[in-house]
Amino acid sequence: MDKIDVSPADPGDPDASEIAAALRLSVGRIARKMRQAKGSAGLALSEMSTLARLDREGPRSPSMLAAAEGVRPQAMATTLAALEGRGLVARRPDESDGRRAVLTITEAGRALVADRRSESVRRLAAVIDAELTPAERRSLLPALPLLDRLAERL
């Protein structure tokens with residue numbers, strides 16, 4: 001377990017709640033803008049999120065997907081029907097319980113997720129290139145591991 005520094009804070013230290021509020025706004029805006037840009041596939045956010053989860057985590061039951069995505073089972077059924085209709089996911093019986101279905105991502109679904117990720121990286125890189133000076137880009141680099149560590153701890 002990591003040691004926690006309990007020494008008194010320097011009065012000049014930045015306030016954690018102020019940093020948290022500003023970071024939440026900035027990261028939230030970036031995430032929203034990235035999600036709003038629909039790719040050529042034109043998938044809804046819920047469809048893309050479910051597809052990406054299946055790609056990352058492997059086969060899941062509809063109820064597991066609904067719980068993980070924080071939606072009602074009925075909403076997940078609609079999402080899965082749309083993805084199945086486009087050939088992006090496949091349904092098969094669960095090997096351990098034949099009454100239950102398991103969804104897997106198809107090769108077409110994997111290709112779509114990979115293309116969408118590449119598109120997102122290209123969009124973000126284009127903005128970084130156009131809007132940040134080389135010095136600003138260098139100053140952003142040390143923050144990336146910190147942001148990743150925060151994401152892991154949430």
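In the predicted model, D94 counts as buried because its relative accessibility is 11% (buried means under 20% relative accessible area, exposed over 50% and partly exposed in between, with a 1.4 Å probe and protein chains only). D94 is located in the loop that links β1 (89-93) and β2 (101-105); helices (H or I, at least four residues) and strands (E, at least two) are DSSP runs, numbered from the N terminus. Apart from neighbours within four places in sequence, the contacts of D94 are R100, A101 and V102, where contact means heavy atoms within 4.5 Å. The D94 side chain forms a polar contact with the side chain of R100 at 2.6 Å, and it reaches the backbone nitrogen of S96 at 2.9 Å. A polar contact is a pair of N or O atoms within 3.5 Å; within protein, one must be able to donate a hydrogen and the other to accept it, and residues adjacent in sequence count only if both atoms are side-chain atoms.

Residues are numbered from 1 along each chain as its sequence is written. As this is a predicted model, local features need pLDDT of at least 70 and side-chain atom pairs count only at pLDDT 80 or more, whereas totals for chains, interfaces and linings use all residues; side-chain values use heavy atoms, with hydrogens and water left out.

Helix α2 (residues 45-57) packs on helix α4 (residues 73-85) at about 80°, with the axes 10 Å apart. Axes are lines fitted to C-alpha atoms, for helices over the stretch in contact, and angles run from 0 to 180 degrees between N-to-C directions. The two helices, α2 and α4, are therefore roughly perpendicular (65 to 115 degrees; under 35 is roughly parallel, over 145 roughly antiparallel and the rest oblique). S46, E47, T50 and L51 of α2 meet M76, T79, L80, A82 and L83 of α4. The buried residues of α2, among them M48 and L54, pack against α3 (62-69), α4, β1, β2 and α5 (107-131). G58, with a positive phi near 90°, follows α2.

The axes of α3 and α4 come within 9 Å and cross at roughly 110°, so this pair is likewise roughly perpendicular. The contact joins P62, L65, A66 and E69 of α3 to P73, M76 and L80 of α4.
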